[in-house]
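Here is a short briefing to read alongside the model. Take a look at the structure first, and then we can go through it together.

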Amino acid sequence: MNESLADFDTYENNDVEFSSDPLPFIHSLEKNTIKGECYVSIFGSGTSNSELEALTGHSMAFFPNGSIIYQQFPQDNTPGLVSSLNESGYHCVAIHPCTRTNWNRDKIYESMGFDTFYAQEDFSDPEIVRWISDRATYEKIIDLYENREQGEKLFVFDVTMQGHGGYDTNTAWENPVIVEDDSFPLTDEFLSSTYVSDKAFEYLVSYFEEQDEPTLIFMFGDHQPSLENEFFELLLGKSLTDLNLEETQRRYVTPYILWTNYDIESDTDKNISANQIPQLVKETAGLTLSSYDRFIQEFSETIPLVNANGYMDKNGTWFSFEEESDYEDLLYQYRVIQYAIYCDGLEVR
């Protein structure tokens with residue numbers, strides 16, 4: 001999960017030009033690749049909520065509005081992707097180059113079933129790019145891979161920090177990326193950092209491209225960055241106070257990339273919401289789906305995108321949760337099942 005990773009090409013406004021592509025490697029990936037837009041429930045902050053959706057299949061649409069689940073509603077047992085991989089024989093590791101207690105992760109990761117958690121104190125003289133760099137965390141992943149027990153299956157969840165706000169550090173960039181014909185210093189720093197993140201991701205993919213052991217890498221952004229309002233208004237072509245639901249959702253889109261070093265059918269235009277990440281990863285890896293996974297897959301055939309702002313049906317129409325629709329029974333089913341699993345401890349197989 002890449003901190004604040006965003007691809008502003010999704011705004012589709014040709015009036016905004018950058019001095020160079022901030023994501024050239026990610027944009028070039030096509031072989032053995034599934035990628036597209038990932039709809040999340042937060043903007044600018046609240047990273048752990050995207051994390052929860054991606055690791056459990058739950059949706060922030062069905063939690064109290066504005067809540068931070070890791071802090072307000074922690075559970076002793078939080079089943080999801082990690083626990084299912086544990087049951088499949090994977091050694092599960094979490095990495096976050098920040099404080100161990102940030103967003104209550106030390107307790108939440110234990111409840112999810114992670115075997116090991118590496119925080120900032122576990123990095124020795126790491127590369128710094130604003131924060132501990134993306135590449136430093138990828139070097140940690142490679143080290144874990146190379147030093148694991150023979151034949152051990154490894155799952156690593158890496159929460160990066162390099163792209164974190166604020167964006168006023170005046171970093172001296174070797175290859176700066178800027179907004180052409182305008183002055184947005186916060187955006188320029190973000191874009192320049194994104195370019196370095198893209199190069200780091202190329203380093204990670206290039207390493208595993210040379211490995212024989214089947215490997216799947218999934219990366220997505222937790223939310224878009226908090227930058228100048230005027231920049232987003234330029235992207236959208238209108239004031240932020242005048243956005244309809246569909247336009248508002250543009251600010252809740254991040255890129256995702258699934259890449260494998262073995263042959264899969266590529267799809268470079270597949271849009272998802274963050275609650276679908278566990279199913280996509282497990283299905284592509286050939287792992288068994290739980291009954292909850294299968295329910296979310298079936299739900300997504302009718303409602304392919306959902307987040308805290310609303311949902312889109314298979315016809316491409318966006319709805320807010322305040323609107324009446326033909327989908328209320330299906331939404332209610334999801335809400336009840338999610339509550340039963342997260343709050344009542346319903347065991348899912």
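Is Asp122 buried, partly exposed or exposed? Asp122 is partly exposed, with a relative accessible area of 29%; buried means under 20%, exposed over 50% and partly exposed in between, using a 1.4 Å probe and protein chains only. This is a predicted model, in which local features need pLDDT of at least 70, side-chain atom pairs count only at pLDDT 80 or more, and totals for chains, interfaces and linings use all residues. Residues are numbered from 1 along each chain as its sequence is written, and side-chain values use heavy atoms, with hydrogens and water left out.

**Salt bridges**
- The structure holds 10 salt bridges (a side-chain nitrogen of Lys or Arg within 4 Å of a carboxyl oxygen of Asp or Glu).
- Arg100 pairs with Asp122 at 2.8 Å, N to O, and Arg100 is partly exposed at 26% relative accessibility.
- Arg130 and Glu189 form a salt bridge, with their closest N and O atoms 2.6 Å apart, and both residues are buried.
- Arg250 meets Glu37 at 3.0 Å, N to O, in another salt bridge. Here Arg250 is buried at 17% relative accessible area, and Glu37 is buried at 14%.

**Cysteines**
- A search of the whole structure finds zero disulfides (pairs of cysteine sulfur atoms within 2.5 Å).
- Cys38 is buried, with a relative accessible area of 0%, whereas Cys343 is partly exposed at 34%.
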